[in-house]
Amino acid sequence: MWKADWVDLESTALLVIDVQQGFINRHSRGVLPAIVQLMERWRAAGAPMVLTRFHNELGSPYEMITGWTRLRTTEEQALVDELAPFVPAAAAVIDKTRSSALTPEAARLIRDAGWTDLVLCGIDTDACVYDTAVAAYQSGYRPWIVTDACASTGGIKYHEAALLLASRNLGVNQLVTSDTILTRISGHQGEQP
């Protein structure tokens with residue numbers, strides 16, 4: 001249940017997680033319009049936004065344990081073109097080498113900014129988005145996963161599995177839709193469409 005008094009755009013940041021060329025495929029491409037719309041409205045409201053980029057370093061656990069060697073090239077690591085207009089308005093673009101976006105740099109930024117709530121969208125629901133939500137929860141922040149602004153490169157079954165785990169481990173109330181978020185932003189901004 002979304003609490004009407006929840007949205008405080010000064011203490012709530014939008015985290016756009018790993019929307020990068022190397023994570024776009026037939027399973028994840030369709031989520032881009034929802035992410036862009038969310039970012040447009042978030043920026044228009046003047047609310048804080050952070051983007052992350054994943055880098056899979058040589059010899060990483062992803063390579064050594066699972067054999068995954070993607071997200072190494074500059075092309076794969078680049079944010080998708082649709083996000084370029086939002087970079088100047090972002091509080092930060094954080095590069096990371098692990099799944100959670102709560103890197104030491106991000107943790108400092110969140111703490112120093114006084115953000116209490118983190119609205120999460122991006123790719124992969126079952127990896128970086130979920131891991132960020134759990135890390136935020138365990139660090140004392142309220143994570144909100146925007147279910148229709150997340151996707152999994154592995155397909156819908158992995159996306160849905162992550163949301164099922166999130167509903168169990170974080171609480172079903174922490175799963176929201178972009179319509180719910182956009183309505184709350186509009187309700188606080190009065191002049192937003």
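Q: Is phenylalanine 54 buried or exposed?
A: Phenylalanine 54 counts as buried, at 2% relative accessibility. Buried means under 20% relative accessible area, exposed over 50%, and partly exposed in between, using a 1.4 Å probe and protein chains only.

Q: What kind of model is this, and how are residues numbered?
A: This is a predicted model, where local features need pLDDT of at least 70, side-chain atom pairs count only at pLDDT 80 or more, and totals for chains, interfaces and linings use all residues. Residues are numbered from 1 along each chain as its sequence is written, and side-chain values use heavy atoms, with hydrogens and water left out.

Q: How many aromatic pairs are there?
A: The whole structure has 5 aromatic pairs. Rings of Phe, Tyr and Trp (its six-membered ring) pair if their centres lie within 6.5 Å; planes under 30 degrees apart are stacked, over 60 edge-to-face, the rest tilted.
One of the pairs is phenylalanine 23 with tryptophan 68, stacked at 6.2 Å centre to centre with 10° between the planes.

Q: Where do phenylalanine 23 and tryptophan 68 sit in the chain?
A: Phenylalanine 23 is in the loop between strand E1 (12-17) and helix H1 (32-44), and tryptophan 68 is in the loop between helix H2 (61-66) and helix H3 (74-77), 45 residues apart. Helices (H or I, at least four residues) and strands (E, at least two) are DSSP runs, numbered from the N terminus.

Q: And which residues make up the ring cluster?
A: Phe23, Phe54, Tyr62 and Trp68 are linked by ring pairs.

Q: New topic: where is glutamate 105?
A: Glutamate 105 lies in helix H4 (residues 104-113) and is partly exposed, at 39% relative accessible area.
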